[in-house]
Amino acid sequence: MKPVAAMLIATVLGVVLSSQDYASACAVCGVDGEPGFLWSMGFLISMPFVIATVTGGYFVYNSRRAKKEPANKSIFSE
């Protein structure tokens, strides 16, 4: 399939699927003051920061732990 035809098909498919009939399960379509929407948005917005903090904390913990161990310690020595 040629790239132009593939792009055209993808564009048409995107327009059709983004119409309101197919997007009725969207979180922002038809929500009028439900508190669940605010909780879900707060969770989704905070999740990248939580993942970055946990990942960064893991690397900091491992690097500090490695600095405390003696340099001549071998894996095979007891």
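I took helices (H or I, at least four residues) and strands (E, at least two) as DSSP runs, numbered from the N terminus. The model is predicted, so I asked pLDDT of at least 70 for local features and 80 or more for side-chain atom pairs, while totals for chains, interfaces and linings use all residues. I numbered residues from 1 along each chain as its sequence is written, and side-chain values use heavy atoms, without hydrogens and water.

**Overall.** I found two helices and zero strands in the chain. Buried means under 20% relative accessible area, exposed over 50%, partly exposed in between (1.4 Å probe, protein chains only). Of the 78 residues, 0% count as buried.

**Helix α1.** I looked up Leu-8 and placed it in helix α1 (residues 3–17). Leu-8 is exposed, at 54% relative accessible area.

**Helix α2.** I checked the length of α2, residues 35–68. Expected span is 1.5 Å times one less than the number of residues. The 34 residues should span 50 Å, and the end C-alpha atoms are 48 Å apart, which agrees. I noted a kink of about 35° at Met-47, shortly before Pro-48. The bend is the angle between axes fitted to the seven residues ending there and the seven starting there.

**Aromatics.** I paired rings of Phe, Tyr and Trp (its six-membered ring) with centres within 6.5 Å; planes under 30 degrees apart are stacked, over 60 edge-to-face, the rest tilted. I counted one aromatic pair. Tyr-58 and Phe-59 have ring centres 5.5 Å apart and planes at 65°, so the pair is edge-to-face. Phe-59 is exposed, at 53% relative accessibility.
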